[in-house]
Amino acid sequence: MAGTEQLSDDNRYMALALRLARRGLYSCHPNPRVGCVVVHSGEIVGEGWHQRTGESHAEIHALDLAGERARGATLYVTLEPCCHSGRTPPCTDRLVQSGVSRVVAAMADPNPDVNERGLELLRDAGIAVATGVAEAEARDLNRGFIRRMETGMPWVTIKLASSLDGRTAMTTGESQWITGEPARADVHRRRARSGAIMTGIGTVLADDPALTARAPEAVQQPLRVVADSHARLPLAARLIGQSGATLLVTAELQPQREAALHAQGVETLLLPGDDGSVSLRELLAALAARGVNDVMVEAGPRLCGALLRERLMDELIVYLAPHLLGDNARGWFSLPGLERISERIPLQIVEVINVGADLRLTAHVGEGPDNS
């Protein structure tokens with residue numbers, strides 16, 4: 001019975017730590033979102049979350065609040081405490097000094113600089129350590145950070161606004177607005193929690209988007225990334241004149257054109273692929289190398305189809321509007337060459353909810369049922 005009660009308490013306090021961690025959803029990129037709770041004799045004596053990159057971690061905020069009451073307490077944290085010096089000192093040092101008797105971590109930190117060494121340091125100091133409590137929820141909260149640490153690639157989400165008959169724009173390219181205001185507001189919140197927004201030059205030329213996160217929650221603007229094989233980005237494009245950074249990734253770039261783009265504050269990156277277009281795999285790896293955990297793609301069927309064909313998409317979010325656009329309108333993906341049912345690309349639908357008058361459908365790639 002005692003073991004069952006302990007597990008129940010661990011789950012309850014870790015759930016609170018996860019709620020605290022979500023407060024950093026928009027503000028601590030590229031660091032992971034982490035929450036922490038300190039409990040002494042059944043009383044919560046300290047709470048904290050990682051609020052901004054470069055500032056104190058969740059454990060430090062919670063221990064500062066707990067003070068001397070941390071001695072002999074249990075500390076619940078959604079990610080293994082760090083054991084290396086970066087912008088802040090190691091959290092493990094502070095935990096040992098605080099006198100906590102037990103640490104419960106939802107999961108180990110996949111960062112190679114940590115990766116269970118923090119937990120081992122705590123054990124060596126005589127602190128009891130437990131892991132794996134609410135691990136699935138903790139991993140989902142930081143899936144982009146985990147993907148970057150484990151594979152050197154970001155988590156890639158393709159976002160589409162679509163009619164019920166699977167159309168994203170008229171044949172002329174007109175697409176504003178397929179969905180209603182609640183769905184568009186939801187998109188801006190998702191932009192605000194992403195490290196980068198990526199689009200193709202076709203979308204820029206057709207829609208001239210700003211690609212900014214216009215949501216109250218937005219603390220920092222995501223990096224705007226344009227895949228543009230021939231560096232055709234207009235110098236008067238709206239996305240150039242916005243706050244935050246813009247990155248043009250191209251397969252060919254003349255010095256004069258490069259100088260003109262740089263003069264407008266546009267960073268450039270030359271990544272030619274084998275077919276003369278931008279190497280999308282190298283592009284995503286380059287984004288991960290500069291600390292981007294999550295990439296939100298808002299593009300036309302050509303770029304979206306290329307990402308899907310190269311198995312570079314992790315998640316698909318479609319906002320389905322209750323109307324029809326007809327046979328001549330544009331579809332979701334350009335996927336030439338699929339001729340047999342056996343060649344279909346499997347998806348797993350993980351969520352369908354109402355957003356205003358529209359539906360938001362979320363699917364993950366490569367996890368669909370085997371209907372053979």
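On a 1 Å grid over the protein atoms alone, a cavity is a set of points where a 1.4 Å probe fits but cannot get out, and its lining residues have an atom within 4 Å of a point. Grid points are joined across faces, edges and corners, and a volume is the space filled by probe spheres set on the points. The structure looked at here is a predicted model, so local features need pLDDT of at least 70 and side-chain atom pairs count only at pLDDT 80 or more, while totals for chains, interfaces and linings use all residues. Residues are numbered from 1 along each chain as its sequence is written, and side-chain values use heavy atoms, with hydrogens and water left out.

So what turns up inside? One cavity of 30 Å³ or more is found in the structure, and the volume of the largest cavity comes to about 60 Å³. Its lining is made up of His29, Asn31, Pro32, Arg33, Leu141, Asn142, Arg143, Gly144, Phe145, Asn293 and Asp294. Sorted by type, that lining has three nonpolar, five polar and three charged residues (Ala, Val, Leu, Ile, Met, Phe, Trp, Tyr, Cys and Pro count as nonpolar, Asp, Glu, Lys and Arg as charged, and the others, Gly among them, as polar). Helix H6 provides the largest share of the lining, three residues. Helices (H or I, at least four residues) and strands (E, at least two) are DSSP runs, numbered from the N terminus.

Arg143, one of the lining residues, also shows up in a salt bridge with Glu315, at 2.7 Å from N to O. A salt bridge is a side-chain nitrogen of Lys or Arg within 4 Å of a carboxyl oxygen of Asp or Glu. Because Glu315 sits in strand S12 (residues 315-321) and Arg143 in helix H6 (residues 143-151), this pair ties together parts that are 172 residues apart in sequence. Glu315 is buried, at 4% relative accessibility, whereas Arg143 is partly exposed, at 22%. Here buried means under 20% relative accessible area, exposed over 50%, and partly exposed in between (1.4 Å probe, protein chains only).

In total there are 16 salt bridges. Another one joins Asp186 to Arg360, with the closest N and O atoms 2.9 Å apart. This pair links distant parts of the chain, with Asp186 in helix H7 (residues 181-192) and Arg360 in strand S14 (residues 358-365), 174 residues apart. Asp186 is buried at 9% relative accessible area, and Arg360 is buried at 8%. Both belong to a network of salt bridges that also takes in Arg189, Arg190 and Glu351.

In soluble globular proteins, nonpolar side chains tend to be buried together. A nonpolar core is a set of buried Ala, Val, Leu, Ile, Met, Phe, Trp, Tyr and Cys residues joined through side-chain atoms within 4.5 Å. The largest such core has 45 residues, and Met14, Val38, Leu75 and Val103 have the most contacts inside it. Helix H1 (2-21), strand S1 (35-40) and helix H2 (58-66) are among the elements that each supply at least two residues of this core. H1 gives the most, with seven residues. Leaving aside neighbours within four places in sequence, Val38 is in contact (heavy atoms within 4.5 Å) with residues including Ile44, Val45, Ala62, Leu63 and Leu75. Apart from this core lies another, of 35 residues, including Ala196, Ala227, Leu307 and Val318.

Technical notes: 1 Å grid on protein atoms, 1.4 Å probe; cavity = no way out; pocket = protein on both sides within 12 Å on 5 of 7 lines; lining within 4 Å.
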